[in-house]
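Subject: Structure handover

Hello,

Here is the structure we talked about. Please open it first, then read the notes below it.

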Amino acid sequence: RREIEDAADKSNGQLEVYFVLNEPPAAWKGGQGFVSSDHIKDHIGGPEDGKHVLLCGPPPMNRAMKGHLQSLGYPAESVFQF
């Protein structure tokens, strides 16, 4: 997590990160639950030229995220996962 946050800090606004935990600890200040279309709309908005989405998580979550992104109009070529 720290490496991802460091990369975002050094990106001059080109990389934004929002963490969502299904079962967060009590002091958690990020997102909670499963990632939804609303999370996506609220934190990264809709598709734009040059905007890419990087998914990192278990396969069921990545499949659900791809479905949400597709429903919001993100083209498949702008979505990456590892």
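How many salt bridges does the count come to? A salt bridge is a side-chain nitrogen of Lys or Arg within 4 Å of a carboxyl oxygen of Asp or Glu. By this rule, the count is six.

Before the details, some ground rules. This is a predicted model, where local features need pLDDT of at least 70 and side-chain atom pairs count only at pLDDT 80 or more, while totals for chains, interfaces and linings use all residues. Residues are numbered from 1 along each chain as its sequence is written, and side-chain values use heavy atoms, leaving out hydrogens and water.

Confidence

pLDDT is the predictor's confidence in each residue, from 0 to 100. The chain has a mean of 91, and 100% of its residues reach 70 or more. Helices (H or I, at least four residues) and strands (E, at least two) are DSSP runs, numbered from the N terminus. Confidence is lowest in strand β1 (residues 20–21), with a mean of 88. It is highest in helix α3 (residues 59–71), at 93.

Salt bridges

Side chains of opposite charge can pair when their charged atoms come close. Look at aspartate 38 and lysine 41. Their side chains meet in a salt bridge of 3.5 Å, N to O. Both residues lie in helix α2 (residues 37–43), three residues apart, which is about one turn of the helix. Aspartate 38 is partly exposed at 48%. Lysine 41 is partly exposed too, at 46%.

Next, glutamate 48 forms a salt bridge with lysine 51, and their closest N and O atoms are 3.7 Å apart. Glutamate 48 is exposed, at 54% relative accessibility. There is also a network: salt bridges that share partners join Arg1, Arg2, Glu5, Asp6 and Asp9.

Arginine 1

Arginine 1 is exposed, with a relative accessible area of 54%. Its side chain meets that of glutamate 5 in a salt bridge (2.9 Å, N to O). Arginine 1 also lies over the face of phenylalanine 19, at 4.9 Å from the ring centre. A charge sits over a ring if NZ of Lys or CZ of Arg is within 6 Å of the ring centre and within 35 degrees of the ring normal.

The loop between α1 and β1

Helix α1 spans residues 2–9. Asparagine 12 lies in the loop between α1 and β1. Its phi is positive, about 55°, although it is not a glycine. Asparagine 12 is exposed, at 76% relative accessible area. Valine 17 is in the loop between α1 and β1 as well. Valine 17 is partly exposed, at 32%.

Histidine 39 lies in helix α2. Is histidine 39 buried or exposed? At 18% relative accessibility, it counts as buried. Histidine 39 and valine 20 are 19 residues apart in sequence, and their C-alpha atoms are 9.0 Å apart in space.

Serine 36 is in the loop between β2 (31–32) and α2. Serine 36 is partly exposed, at 24%.

Best wishes

Methods: Buried means under 20% relative accessible area, exposed over 50%, partly exposed in between (1.4 Å probe, protein chains only).
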